[in-house]
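Notebook open, viewer open. I want to look up a few local features and jot down what I find.

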Amino acid sequence: MTGGTEHGPHGSPRPWTEELLGHLRPTARDLSKVIDWLATTVRGEVALLDGTGRTLAGEDLPLDGTLVADLLAGRISSAALQDGARHVRLVVAGRPQPAAAPTALTPTALTPAPTTVAVLAVARPVPFDRHSAEIVTHTAGVLELLLRERELTVAAARLKRAAADLRLAILQLLMVEDTVSARRVAAGLWPGLLDTDAACVYVVESRADLRDHLAEQAAAATEGQALVVRCPAVDGHVIVVAPGTAAADGLRAVVARHPGVFLGGSTRQSLARTAAAYGQAISALAVARVRPDKAAVYAERTHPERLMDPAALAAWAACLLRPLDVLPHHTRAELLATTRLGLEFTAVSAAKVLGVSRNTVRARMDRVETMLRTDFSDLRVRAAVHLALNTEAAAACAGPDRAAYGTPGAVRLGDLLDGAAVRFWAHGLLESLAADGRNLRRTLRAWIAADGNAERAAQDLGVHPQTVREHVRGAEPVLERQLLASGSDLYEVVVAHLAAGDLDAPDFGNPDQPDSFVHE
């Protein structure tokens, strides 16, 4: 005798079909509960076996391995037998389907997995009548639906991870200025996404536990017209590369709905300048954190390189980087792109953004450092090389012929810094620190001279290291630049000290230009 005597709302017994279908409700989908229900209903022992014969749910029943293998292989769809005092019924739940072969357009990570086949086994001490056999068969159908749903959930998660990995790969290619490869990768899944020469970069900042939710909201807000990537370097950041201008409003709306979430954005930059745009967005975050609307776009302020003669600046940059010209083009480009990110951020962060190890980043930077015969531990050197790298990157975007940059040694860094416009900018920037009575300028000069080491600067000044850190932090809002974090903001302040004469220009060991870096 079978069960199925649960009562309905009016006291009448609920038919077993209603009970079984109830397990398909969204809140009741559980393989183990279906197995338990079947065991109670037919008054037997029940097991659900996966494609390898392992028990997925229910009892560990002793079964004929050959028979189970025939069922799993699809040679038979059901079987009934008497095993001593037990009567056993086995039914296939699901049908085996071969996996589609991956192609160039559907890589392995994006290819759906084959449908899982399972076997439902029921054993009881009395024979199966027609009614109990029907219950077993229909239960197998319900289990097939639940298994299929679980497969689809797993497949969706795989597809989601694969898409996220591809978006990160595209961002990494953009960060190293490989726009051709970035467009090629994007074209297969997001046609038209990078069919543009320029874009804005935004960074959404939140708690790490909110990031996945905000990434989904950012993707929805930009309506699929932007590259949305979970930052590999900072757990609480979501990076958005938006070719269009409409993304900003959608992202601002996302930020407005969530307390403690901020938005920093860049100015529109060429795709090859994605790394620079990312730096601008990070800089804008510092402003966004103190604004009521929690959002800020990088303000186009006066940059020292814009006050220099473009041809002279390009000639100086080409001369400084000329030792690297002996390298193959791809090697040179890789070293410069890595060094540019390594100077803009920490080696660890640069490694995460590029998808390489931090040792790889350091090795590449060490090679550049050796070839330029200089020392990247010197903040003045870092600022000068950063200026040269950005100048070359901007020139490459504009497409000039590097041969037109001038002859080696024709331009000195001192000439670039000695221009009236640069000196006026430098004095104006540093004199803004005078309003604070703590003599921030003196502390900042000592801190830069100590290569950003608060302990060494404190020893030179005769103060406590914490005082140095507080003064540097206090200078940030006055100068409207982040100083404690390595990057463009800090290097601009270093250049200001060089141009104002507060610090001597660095000495490079390039034999082609022995005195090109003497500040006169």
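My entries follow, one spot at a time.

**Ground rules.** I am working on a predicted model, where local features need pLDDT of at least 70, side-chain atom pairs count only at pLDDT 80 or more, and totals for chains, interfaces and linings use all residues. Residues are numbered from 1 along each chain as its sequence is written, and side-chain values use heavy atoms, with hydrogens and water left out.

Entry: I started with β1 (residues 45-49) and β2, which pair in the antiparallel sense over three bridges. For pairing, DSSP has to find at least two bridges between the strands. Helices (H or I, at least four residues) and strands (E, at least two) are DSSP runs, numbered from the N terminus. I noted T55 in β2 as the bridge partner of L49. Five residues sit between the two strands of this hairpin, and G53 in the turn has a positive phi of about 90 degrees.

**Entry: a charged patch.** Which residues form the negative surface patch? I found D36, E45, E59 and D60. Like charges are joined within 9 Å, and nonpolar side chains (Val, Leu, Ile, Met, Phe, Trp, Tyr) within 5 Å. I placed E59 in the loop between β2 (55-58) and α3 (65-73). E59 counts as partly exposed because its relative accessible area is 42%; buried means under 20%, exposed over 50%, and partly exposed is in between (1.4 Å probe, protein chains only).

**Entry: E149.** I found E149 in helix α4 (residues 130-175). Its relative accessibility is 31%, so E149 is partly exposed.

**Entry: positive phi at K294.** K294 is not a glycine, yet its phi is positive, near 60 degrees. I located K294 in the loop between α8 (274-288) and β11 (295-297). Is K294 buried or exposed? K294 is buried, because its relative accessibility is 14%.

**Entry: around α16.** N439, also no glycine, has a positive phi of about 55 degrees and lies in the loop between α15 (420-431) and α16. With 41% relative accessible area, N439 is partly exposed. Helix α16 (residues 440-449) is mostly covered, with seven of its ten residues buried; among them are L440, L444 and W447. After α16 comes D451, with a positive phi near 60 degrees.

Terms used:
Patches are made of residues with over 30% relative accessible area and no salt bridge: like charges are joined within 9 Å, nonpolar side chains (Val, Leu, Ile, Met, Phe, Trp, Tyr) within 5 Å. Accessible areas come from the Shrake-Rupley method with a 1.4 Å probe; for residues, only the protein chains shown count as cover. A salt bridge is a side-chain nitrogen of Lys or Arg within 4 Å of a carboxyl oxygen of Asp or Glu. Lys and Arg count as positive and Asp and Glu as negative; His and the chain ends are not counted. The place of a charge is taken as NZ of Lys, CZ of Arg, CG of Asp or CD of Glu.
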